[in-house]
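Here is a walk through one protein model, taken a piece at a time. Keep the structure open in your viewer and follow along.

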Amino acid sequence: MKFFRGFAVSVLLTGLNAASVVHKLSVVDQLRDELAPYLSSRNIISTDIPPRWNTLGAPVPGAVVNIQTESDVATTVKYCTAKGIPILAQNGGIGWALPFNLTKNGVLINMAGLNQVTFNVDKTQATIGGGSNISNTIAHAYASGALVVTGNCNCVGTLGALLGGGYGNLIGLYGLGVDNVISLRVVTADGRLRNVTPTSDPDLFWSLRGAGPNFGIVTSAVVKSYPATEKDMQAWTGSLVFDPAKLEMVVQAIQDLELQPDMDVFMHFLSTSPPTNEPAVVVTPFLYKGNEASGRAAFASLYSIGPKADTTSVLPYDQWNSGGDGFCTLGSRKPSYGAGFQQMIPATWRQVWNQYVAFQKKPTAERSAVLLEAYSLIKARSLDPDSTAFPFRKVNFNAVAIPWYDDPSLDDEAQAFGAAARDLLRSTDGLTQNSTYVNFAHGDETPEVVYGHSLPRLQTTKLRFDPQGIFNQWFRIPEKRCV
């Protein structure tokens, strides 16, 4: 059957070239005529574009292939590559980096149908489909009695977040998401479906874990999972809302925290509820297996500042991320600007706050936000820093400014706010060069800023597996220059 399918696609690619030249079809009509007979169903090609989190600069493909099997992915990639049709794989549609250059001559490969999550008998391994978002992955893990290292935003694609590095609540205990990958099923630019392991191709396995979207489409991944009792699937977390006048105290408290492997902490600049939409400083502490006594003790320096509102409590695993569900609202313009840095400087954050408040007051911009994440990195730093392509284990903090608005006339002001906030954070970052987590980056960064010292090896691997640059929509790895 595999031989027949491959032979049929080969005939498809060679036999219809002349007809394609004579009769110029739209991309969707071309796919329906030429590609659809070789997919799992003729009805999975459409022009209905799945919604995205950020509409500014969003891809506008001429056709969408709604994947049902991994063979659909391989067949579509092989076909589009041979025909010179640009492609982009999408799961959650949350990635905000600009710009995408997929237009009416391109194809969006919608991975949402590959959302299966399964566990082996002893629950030490999970197989996660390329279409599973974090909420779906955690729901399956919770029902199975296991923990999986994922990101903290429910609507984000599990593997999309992981392939960039994979920060999350459990990294202090188990390492980054990329550290937990056992193997990956990947369709490369030649349309070949590969099972990539540390021994099958060490360079590709290394590159996928930190720069994955540049090397293929991951249809599924096998990752480490951790058997857990009901008590193991609890944490002390929630929101502490502070008066903005106490911002410097909050920032200093976060700087001084000695985060243990079972701890992390976030800080947000957010809008309060309508109709006032007043900006507020919100902190989210997290203590794995914590209770009220241990949680308040671990974050005593923050509680002692005196939050004006406190929702912290013991929450089960499947609710750890629920406080961020408001971020999952699709639509609107949300160009985002990230930065990595080494210290929390109160004066810097006051300036960021001032920039935020000035923009957040503008019409339709009330949902704008700034997000800071701080984790225990003891486990991540205990591993070989060159074991994956992720380059920034030594960076202590990551933050992102998110102008969130509906009025296109605010585009220039949004850019000014986001860039100013990023520049302020970089001005006191304590780093020898700008170092931005790729999943937080804006899109105007140089490759060195998001890939760091990993770039030369990534370039070499890119030349082997994607010499034509088929996968070029997400922080493209440039060709290696000969010297």
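In which handedness of crossing, left-handed or right-handed, does helix 8 pass helix 16? The crossing is left-handed. Before going further, bear in mind that you're looking at a predicted model.

Let's stay with that pair for a moment. Two packed helices are described by the angle between their axes and the distance between the axes. For helix 8 (residues 202–211) and helix 16, the angle is about 115° and the axes are 10 Å apart. That angle makes helix 8 roughly perpendicular to helix 16. If you want to see who is touching whom, pick out P202, D203, L204, W206, S207 and A211 on helix 8, which meet R457, L458, T461, R464 and F465 on helix 16.

F475 has a positive phi of about 45°, although it isn't a glycine. With a relative accessible area of 11%, F475 is buried, since the cut-off for buried is under 20%.

You'll find K123 in the loop between strand 5 (117–119) and strand 6 (125–129). How accessible is K123? Its relative accessibility is 31%, so it counts as partly exposed.

Now go to strand 10 (residues 217–224), where S220 lies. S220 has 14% relative accessibility and therefore counts as buried. Leaving aside residues up to four places away in sequence, S220 touches T127, I128, G129, G130, L159, L184 and R185.

Helix 9 (residues 247–256) and helix 12 pack with their axes 9 Å apart, at an angle of about 130°. The two helices are therefore oblique to each other. Here helix 9 passes helix 12 in a right-handed crossing. The contact is built from L247, E248, V251 and Q252 on helix 9, together with P346, W349, R350 and W353 on helix 12. Those residues divide into five nonpolar, one polar and two charged.

Helix 12 (residues 346–360) deserves a look of its own. Its 15 residues reach 20 Å from the first C-alpha to the last, close to the 21 Å expected at 1.5 Å a residue. Which residues of helix 12 are buried? They are P346, T348, W349, V352, W353, Y356, V357, F359 and Q360.

Helix 14 (residues 411–427) can be checked in a similar way. At 1.5 Å a residue its 17 residues should span 24 Å, and the end C-alpha atoms are 24 Å apart, which agrees. Its buried residues are A414, F417, G418, A420, A421, R422, L424, L425 and R426. What covers them? The cover includes strand 18 (337–341), helix 12, strand 19 (369–375), strand 20 (397–402) and helix 15 (447–451).

To finish, have a look at a couple of loops. The one between strand 14 (263–271) and strand 15 (279–288) holds P275, and the peptide bond from P274 to P275 is cis, with omega near 5°. S273 lies in the loop between strand 14 and strand 15 too, and with a relative accessible area of 53% S273 is exposed. How many residues separate S273 and R367 in sequence? The answer is 94, while their C-alpha atoms are 9.8 Å apart in space.

The other loop runs between helix 13 (378–382) and strand 20, and K394 lies there. At 68% relative accessibility, K394 counts as exposed. Leaving out residues up to four places away in sequence, K394 touches Q342 and R381. K394 and G340 are 54 residues apart along the chain, with their C-alpha atoms separated by 10.0 Å.

Key
Residues numbered from 1 in each chain as written. Predicted model: local features only at pLDDT ≥ 70, side-chain atom pairs only at ≥ 80, totals over all residues. Heavy atoms only, no water. Helix = DSSP H or I, 4+ residues; strand = E, 2+ residues; numbered from the N terminus. Expected span 1.5 Å × (residues − 1). Buried < 20%, exposed > 50% of the residue type's maximum accessible area, 1.4 Å probe, protein only. Axes fitted to C-alpha atoms, helices over the stretch in contact; angles between N-to-C directions. Parallel < 35°, antiparallel > 145°, perpendicular 65-115°, else oblique. Left-handed = near helix turned anticlockwise from the far one by under 90°. Contact = heavy atoms within 4.5 Å. Nonpolar A, V, L, I, M, F, W, Y, C, P; charged D, E, K, R; others polar.
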